[in-house]
2 protein chains.
Amino acid sequence: MNNKKIPEIIIGRLPIYLRALQHTAENGIKTISSQELGELVGISAAQIRKDISQFGEFGKQGTGYSIEFLINKLCEILKVNQTWDVIVVGAGDLGHALAHYQGFKDRGFRVVAIFDNNKNKVGQTIGSFKVEDAAEMSERIRSLGVKIAVMTVPASAAQEVADVLVQAGIRSILNYAPVNVNVPSYVKVQYSDPATNLQKMTYYL
Amino acid sequence: MNNKKIPEIIIGRLPIYLRALQHTAENGIKTISSQELGELVGISAAQIRKDISQFGEFGKQGTGYSIEFLINKLCEILKVNQTWDVIVVGAGDLGHALAHYQGFKDRGFRVVAIFDNNKNKVGQTIGSFKVEDAAEMSERIRSLGVKIAVMTVPASAAQEVADVLVQAGIRSILNYAPVNVNVPSYVKVQYSDPATNLQKMTYYL
């Protein structure tokens, strides 16, 4: 892999390819063409070939991609050939659900702590976790060395929480709060506000 | 508004503008420039002006946009100047959280039913809902006339559930299952798998 800058939109498609390849591999299939992968993910074969070729020549004309090889390559590119520690901020219903979300394991992530600033929630048990006091979050992020946070806090608290997270060393934020947050350019934010996601579809109804 | 086809990527940005405008309005602010809105949402002022001008000339040179007017216009374009009924399929942790998610109200949505195929879950109470039997889902979708579904089912069940939903009249699916589903082109799907969202950021760590 060379060091040219890969557009963010391409990086954003790689996890979708990876997910489809992993499902296909579970069915015992060994190779896949860009056409077949394209049908699974709803993206054109030409786009897939172009995206993947950014990182090297992994496919063979006529036989397609080795699924195992491509999975390993995508895991390496996306750095999910390791397990990342994740914290959850906000112990409401959504925070609860994400703290023991079963879909993180085998995808490169493990929740290690959950925080809230509500004294009634601090100390509550969620699966194998005790909700920790948000006042101690900075110190815990530093001592755990964690880089990834999931925010399920109210909109009114989101910017303040994001500032604390970034200051403590968080570099990736999955934000369920219904508000944009301002962070330095070296921090990535993915937005996942349920109502906004629904509003992207009502236009078509 | 004329009938030209608006690119999906523009429609996808409108809910983000709307959310920022609604937050700004809550602070008693009456007008906003494209520069100010751009800073709130992390999108260039030129892009915002271009996106909004697809639907008419709503801003005034020098004074910017009337926030109230633009909110009403965006709600009308996105058809969230009404309340849409929504069903949740899958009464696991995430389904529970979404069934009584407080962020839907005032954004155009109201959950009206939650379904599961697990007989141990059917009949359970979640807030003001009783979990209903997925076997009765088609009939309930038809009698409720609901067009929007949130899917929080396992990957292995997602395609089958999506087929049932589409057959019964669902036209928008917010899919939390970690798998792509094939649906007819007149059905919109938004993907919101937490692990995939995290994998879009690890490349940059």
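How many bridges join strand β4 of chain B to β9(B)? The first legend answers this, and every view is drawn from a predicted model.

**View 1. Strand β9 of chain B and its two partner strands.** Strand β4 (residues 84–89) of chain B is joined to β9(B) by four bridges, and the two run parallel. Within this pairing, Val88(B) stands opposite Val150(B) of β9(B). β9(B) also pairs with strand β10 (residues 172–175) of chain B, again in the parallel sense and over four bridges. Here the residue of β10(B) that stands opposite Met151(B) is Asn175(B). Pairing of this kind is made through backbone hydrogen bonds between strands, which may be parallel or antiparallel.

**View 2. The two faces of β9(B) and the crossover to β10(B).** Strand β9 of chain B spans residues 148–151 and is covered on both faces. Ile148(B) and Val150(B) lie on one side, Ala149(B) and Met151(B) on the other, and all of them are buried. Together with helix α7 (residues 155–168) of chain B and β10(B), β9(B) makes a β-α-β unit, which is right-handed.

**View 3. The open sheet of chain A.** In chain A, six strands form an open sheet with parallel pairing, in the order β8-β5-β4-β9-β10-β11. β8 (132–133) and β11 (188–191) of chain A are at the edges; each has a single partner strand, so one side of each has no neighbour in the sheet. The partner of β8(A) is strand β5 (residues 109–116) of chain A, and the two pair in the parallel sense over two bridges. Asp116(A) has Asp133(A) in β8(A) as its bridge partner.

**View 4. Thr24(B) in helix α1.** Thr24(B) belongs to helix α1 of chain B, which covers residues 8–26. Its relative accessibility is 9%, and because buried means under 20%, Thr24(B) counts as buried. Leaving aside residues up to four places away in sequence, Thr24(B) touches Ile29(B), Ile32(B), Leu40(B) and Ile67(B).

View 5. Lys30(B) is located in the loop between α1 and β1 (31–32) of chain B. The relative accessible area of Lys30(B) is 64%; exposed means over 50%, so Lys30(B) is exposed. With residues up to four places away in sequence not counted, Lys30(B) still touches Tyr65(B), Ser66(B), Ile67(B) and Glu68(B). Of these, Ser66(B) is 36 residues from Lys30(B) in sequence, and their C-alpha atoms are 6.1 Å apart in space.

View 6. The same surface serves both copies, as 100% of the contact residues of chain A recur in chain B. Chain A gives 59 residues to the contact and chain B gives 59 residues. About 5,700 Å² is buried between chain A and chain B, with 63% of this area coming from carbon and sulfur atoms. On the chain A side, the residues that lose the most area to chain B are Gln199(A), Tyr203(A) and Leu205(A), which together make up 14% of what that side buries.

**View 7. A salt bridge between the chains.** Four salt bridges are counted between chain A and chain B. One of the salt bridges joins the side chains of Asp193(B) and Arg107(A), with an N to O distance of 3.2 Å.

Key: Residues are numbered from 1 along each chain as its sequence is written. Chains are lettered from A and ligands numbered from 1 in the order in which they are written. This is a predicted model: local features need pLDDT of at least 70, side-chain atom pairs count only at pLDDT 80 or more; totals for chains, interfaces and linings use all residues. Side-chain values use heavy atoms; hydrogens and water are left out. Buried means under 20% relative accessible area, exposed over 50%, partly exposed in between (1.4 Å probe, protein chains only). Contact means heavy atoms within 4.5 Å. Two strands pair if DSSP finds at least two bridges between them. A crossover is right-handed if, with the strands pointing away from the viewer, the path from the first strand over the helix to the second runs clockwise. Buried area is the accessible area (1.4 Å probe) that two parts lose on being put together, summed over both.
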